[in-house]
Amino acid sequence: MILSEEQKDSVTELVNIAFSRTAAALSELTGNRVDLAVPDVSAYPIAELLPALGRFVRGEVATVHQIFGGPVSGDAFLLLDIAGAARLVDLLSDAGAPTTHMGASAREVLAEVGNILLNACLGVFGDLLQVRFTFTVPRLHLDSLGSMLGSLEIGGDEIRHALLIGARFHVRGSEVTGCMVMVLGVTSLDRFVEAIENWAERATQS
Amino acid sequence: MAKILIVDDSALSRRVSRRILEPAGHTVAEAADGLSALETYSLDRPDLVLLDVTMTEMDGLEVLNQLRAMDPLAVVVMATADVQSSTRVLAEAGGAVGFVIKPLTAETVLRAVAAALLGQAGGAK
């Protein structure tokens, strides 16, 4: 699916609002100012997602994965490079750096942060688009990007697309690079874009 | 009624702002980035600037600083989804006289614009 310029602008603005709330949540969690770059929004078939993701994260990544359901359903991921995830955990606790052998405490911290950030973002989507999302319990994976994406394709019974939302943010002067990815089936992606267009229409008519 | 410059990298946001401001009798100009905003401001000298914060190349806080350096009396209202208190503090320190949270509504935008223009008339800046 290729987004038109107008659709892309509307999605970017909605994402900007949602990510700004997410940054505020992160700021509250860490007690530090969070500087947010303009989000980069694009849509890809799953098979083309890996090179696209490389613009934001590389190699080993810490992924918080949450499945959401409702009129628009899919998978939401918060991806952080390992160094960025380590900085984030360090800011929040003395749980230690999140490595593949990290302790339960650090994993718990990272999963909870991911849960809060993903819910802050999807919550804004839900409120503005007037749809209700339900969420599963977040799961943390420490893996390579390729493995993470490979797991997405297993069991996929329809052509799936990814709405890639990339955003770099800085916490207390130390760069934490990450991005959020939503993976939607074709029907959900159509509904999501349609809902955004309706929101944009309401916004300009009000 | 005032001449207002809308600065936002989102065409949607500029459309929303225009739909709010024009029916209220204001004259509107638009800029999609910080550099264009500075050029337009120097040429048109609008009464008020409605300024987005999160933009590429030059963010709104930097645009604010450059606008105020160009014209210390520039009346600027920030329009942003960034609800961090630190952002509001930085905007106020930079000389912004108003702060509107996105998504924009007619009520909040017109109230902030009216207050900012009144502040200017009353010499409150």
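# Exercises on a two-chain predicted model

B:Asp52 is found in strand S3 of chain B. The model is predicted, and the exercises below start from this residue.

## Exercise 1: The surroundings of B:Asp52

Task: Find out whether B:Asp52 counts as buried or exposed, and list which residues B:Asp52 is in contact with, leaving aside neighbours within four places in sequence.

Solution. 
Step 1. Take the relative accessibility, which is 1% for B:Asp52.
Step 2. Compare it with the cut-off: buried means under 20% relative accessible area. B:Asp52 therefore counts as buried.
Step 3. List the contacts. With neighbours within four places in sequence left aside, B:Asp52 touches B:Val7, B:Asp8, B:Asp9, B:Gly60, B:Met78, B:Ala79, B:Thr80 and B:Lys102.
Step 4. Check the record. An unreviewed UniProt entry carries the annotation "modified residue: 4-aspartylphosphate" for B:Asp52. The annotation "domain: Response regulatory", also from an unreviewed UniProt entry, covers residues 3-117 of chain B. That span is 47% helix and 21% strand, and its end C-alpha atoms lie 11 Å apart.

## Exercise 2: Salt bridges in chain B

Task: Describe the salt bridges that B:Arg18 forms with B:Glu22 and with B:Glu30, then treat the pair B:Glu107 and B:Arg111.

Solution. 
Step 1. The general idea is that side chains of opposite charge can pair when their charged atoms come close.
Step 2. B:Arg18 meets B:Glu22 in a salt bridge with an N to O distance of 2.6 Å. B:Arg18 is partly exposed at 27% relative accessibility, and B:Glu22 is partly exposed at 38%.
Step 3. B:Arg18 also meets B:Glu30, at 2.7 Å from N to O. B:Arg18 lies in helix H1 of chain B and B:Glu30 in strand S2 (residues 27-31), so this pair ties together parts that are 12 residues apart in sequence. B:Glu30 is partly exposed, with a relative accessible area of 32%.
Step 4. In the salt bridge of B:Glu107 and B:Arg111, the closest N and O atoms are 3.0 Å apart. These two residues are four residues apart in helix H5 of chain B, so about one helical turn separates them. Both B:Glu107 and B:Arg111 are exposed.
Step 5. Salt bridges with shared partners also join A:Glu13, B:Asp8, B:Asp52 and B:Lys102 into one network. Over all chains, the structure holds 10 salt bridges.

## Exercise 3: Where chain B meets chain A

Task: Characterise the interface of chain B and chain A by its contacts, its buried area and its salt bridges.

Solution. 
Step 1. Count the residues: 23 residues of chain B are in contact with 23 residues of chain A.
Step 2. Take the area. The two chains bury about 1900 Å² between them, and 54% of it is on carbon and sulfur atoms. On the side of chain B, B:Leu12, B:Thr54 and B:Gln84 lose the most area to chain A, together 31% of what that side buries.
Step 3. Look for charged pairs. The rule finds two salt bridges across the interface. A:Glu6 forms a salt bridge with B:Arg15, with the closest N and O atoms 3.8 Å apart.
Step 4. Count the polar contacts: there are 10 residue pairs between chain B and chain A, both residues at pLDDT 80 or more.
Step 5. Locate the elements. On the side of chain B that touches chain A, helix H1 (11-21) and helix H4 (85-93) each supply at least two residues. H1(B) gives the largest share of that side, six residues. By class, this side has 10 nonpolar, seven polar and six charged residues.

How values were computed:
Residues numbered from 1 in each chain as written. Chains lettered and ligands numbered in written order. Predicted model: local features only at pLDDT ≥ 70, side-chain atom pairs only at ≥ 80, totals over all residues. Heavy atoms only, no water. Contact = heavy atoms within 4.5 Å. Buried area = accessible area lost by both parts, 1.4 Å probe. Salt bridge = Lys/Arg side-chain N within 4 Å of Asp/Glu carboxyl O. Polar contact = N/O pair within 3.5 Å; in protein donor to acceptor, adjacent residues only side chain to side chain. Nonpolar A, V, L, I, M, F, W, Y, C, P; charged D, E, K, R; others polar. UniProt positions renumbered as here; feature names shortened; annotations may be inferred. Buried < 20%, exposed > 50% of the residue type's maximum accessible area, 1.4 Å probe, protein only.
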